[in-house]
Amino acid sequence: MHQEPVPSDPGRDGDPSGLRPGPDDHPSLGSPGWRLVPQSPDWDEAFLAARADDEDPGDPEEDEDPDNAPPPGLDDDELDALIAEARTKGREMAAEQAAVAEAWARSGHTAVMAAVASVVMGRRGPGMPGSADRYPAGHASPAAGFASGMPLDVAPGCVGLGSFLEEAAGPDDRYAGVTDDELIGVICGWDRDEAHASARKHAAVGELIRRRPGPEGLGWDEFAGRELGAALGVCFSDAEDLLSLADALQTRLPGTRALFRSGILSQAKAAIIAGATMLLDPEEARAAEALVLGRAGSMTPAGLRAAIRHAVMQVNPGKARKRREHAAKRARVERWAEGSGNAGLAGRELPPAQVLAADQRVTAWARELGKAGLEGGMDVLRARAYLDLLLGTDSRPLGSAPDRPGQDAGGGGGPQDGAGPGGGGGSGPGEPRAPVPAGPVAGVIPPGFAGRVTMTITAPTLLDLADRPGELAGLGPVDPALARDLATAAARNPRSTWCLTVTDSQGHAIGHGCARPAPASDRTSRPKPGTSSGPDPPAAPRFTLLPAGDPGPPGGYGTWRFATGIPGQRDWLIKIGPLPAGDCDHRHEARGHDPGVMLRHLAQVRHATCTGPGCRRPSTRADFEHNTPYEAGGRTCLCNGNPKCRFDHRLKQDPRWQVEQLGNGDVRWTTPSGRQYTTEPTRYPI
Ligand SMILES: [Zn+2]
Ligand SMILES: [Zn+2]
Ligand SMILES: [Zn+2]
């Protein structure tokens, strides 16, 4: 368990190169730098599209503010006057913060407070961009204090801030004389003020809880929700949510409470942290929040949700698993009327491996429908396929179906039906064998979990060496037990592909290798240390990863032999080469404009999501975008290319925006108002 109060978070300036293993320095298996990344180049796009917001490992939207010094732009007298005024008005807020700090210090929360202080000091509002450059206002503006890095731009939310914001707004909310940069600062100021007010409201609700205690002093009185709901004009469950968040903030999450109060965290983000840590005891909850608070303000809600879920698993993997298993008892199918007059149908709390298998089946059939000429985008086709599979119908236009279903296994890539014993079908012990659906669908879609899933998972988890959380792209963070189950299910399918990514201590990818099948003659010629000595039942494969002797290309991490331990499956060889950070030796450069499959893949490993600010679209669906255009002499290489979704690709081309790719893979965006935001390479869980 991490006892560190807050991730040291050196950001893009961190990553001391001393931590990067050299060519002769085989990292030992099980060291925290290792992680297995089985993935497939043709991962199903529709599935990713549907989950673009909630699926990717890493939190690419972290920022670190490089310079906190008040920038030039006002003359000294103006600056002094402004600061003096801020001091006067902010006196009560300072006193208030000091009182809070003192209270927490008394209650033994000093570590968390130190973490919070380090976050609050000198940081800007939610989103907290850094701004490397100064954009002098050039004139006295009523909002000069809100320009990048100015005192009001970094002031915590508090009652006093409101009067400055009022003043900047003018009588008609038109912000006369206010620059774009200042206006953005004002918007962030209002956002912090809003969060601060909400935090104070929750603190007041906390006092109500103390006055309406529950049985034996725990929680709150069962009717308190009615009393609060009636007062606020909300329903009982909304009032209960309010009580629950207020209670969590005052009993379990001192760090979250402090950041909420200073406006760094919105109410929605505080609720995300509270919800994810619900099952933890107070000490564990503090440990979990400490793992995310340093960057929670600048992460999107989806990114924060993934990060805090991951932190919870790190703090107490057993509880995360228990929560999943407990929720599985509430498995159900829901049906509802959509607001439009259509209807919805969804399975909830289902076994993840089977959901992936089912989803792949839907996509495979949707592709068949598309090939047969049914019109519509992938969403529409998948919806049609979903109903076809449930109803046993066939929506292919008449005359388009092949004579013998099964002769075209197109969606899948291989005839999987009736695969040999231990292969194909089921995705886990005790699960039903995948039935071949009756009707026209029969034989067209390969059953079972196809293993076309991009996941990151720690090698120690796979090898049962440690209880570290793994992560499955497509479902967000998963607990170690589930990670093993899913890897096992994927391994059973011969179509699964595997990659190995080496990360540094920050989780950034620094090496990568894609598995290739080992020569068949190798398979039985050598014993596999690490496999269990007795007969290996098909239900319990053992993953092994061993040095294969070959030192590999210079600068790389050697060649490894990977075995799933499944009888009849051949081993894999993985040659791991470096992913350049800093000076690029252009080893992956492509000659022409087109990056080719491998360079594109490596760029996607480095950035698992689009490099647009706050964008979480998976990079597997993004363009490889030249930072300096190819036509202008830019290389087609990792040092001059990164994934951008279509939207952010267009954004980059807007002349009002500027984008630079830095040597370490960071991508820096400068907005029309001059504020800068940096997207760093993906941090894989470590
Ligand atoms: Zn790969
Ligand atoms: Zn290069
Ligand atoms: Zn994007």
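Colleague: Which way do strand 2 and strand 3 run, and how many bridges join them?
Modeller: In this predicted model, strand 2 and strand 3 (residues 343-348) run antiparallel and are joined by six bridges. As one example of the pairing, R332 has R348 in strand 3 as its bridge partner.

Colleague: What about the hairpin, and which residue there has a positive phi?
Modeller: Five residues lie between the strands in the hairpin of strand 2 and strand 3, and G341 takes a positive phi near 105° there.

Colleague: Is strand 2 covered or in the open?
Modeller: Strand 2 (residues 332-337) lies largely in the open, because the number of buried residues among its six is zero.

Colleague: And how many residues of helix 14 are buried?
Modeller: Helix 14 is mostly covered, with 16 of its 20 residues buried, while over the chain of 686 residues 45% count as buried.

Colleague: What span should helix 14 have, and how far apart are its ends?
Modeller: Helix 14 (residues 352-371) has 20 residues, which at 1.5 Å a residue should span 28 Å, and its end C-alpha atoms are 29 Å apart, so the two values agree. Just after helix 14 comes G373, which takes a positive phi of about 100°.

Colleague: Changing topic, how do helix 5 and helix 6 cross?
Modeller: The axes of helix 5 (residues 161-169) and helix 6 (residues 180-211) come within 10 Å and cross at roughly 145°, and helix 5 passes helix 6 in a left-handed crossing. The contact is made by L161, G162, L165 and A168 of helix 5, together with V186, G189, W190, R192 and D193 of helix 6.

Colleague: How do the residues of that contact divide into nonpolar, polar and charged?
Modeller: The residues in the contact of helix 5 with helix 6 divide into five nonpolar, two polar and two charged.

Colleague: Now the open sheet of three strands: what is its order?
Modeller: The order is 15-16-17, with antiparallel pairing. Strand 15 (658-661) and strand 17 (676-679) stand at the edges with a single partner strand each, so one side of each is left without a neighbour in the sheet. Neighbouring strands of this sheet are turned by 20° against each other on average, direction ignored.

Colleague: Over how many bridges do strand 16 and strand 17 pair?
Modeller: Strand 16 (residues 667-670) and strand 17 pair in the antiparallel sense over four bridges, and T670 stands opposite Q676 in strand 17.

Colleague: Last one, how many helices and strands has the chain?
Modeller: The chain has 19 helices and 17 strands.

Methods
Residues numbered from 1 in each chain as written. Chains lettered and ligands numbered in written order. Predicted model: local features only at pLDDT ≥ 70, side-chain atom pairs only at ≥ 80, totals over all residues. Buried ≥ 20, exposed ≤ 12 C-beta atoms within 10 Å, placed from the backbone. Helix = DSSP H or I, 4+ residues; strand = E, 2+ residues; numbered from the N terminus. Pairing = 2+ DSSP bridges. Axes fitted to C-alpha atoms, helices over the stretch in contact; angles between N-to-C directions. Expected span 1.5 Å × (residues − 1). Left-handed = near helix turned anticlockwise from the far one by under 90°. Contact = placed C-beta atoms within 7 Å. Nonpolar A, V, L, I, M, F, W, Y, C, P; charged D, E, K, R; others polar.
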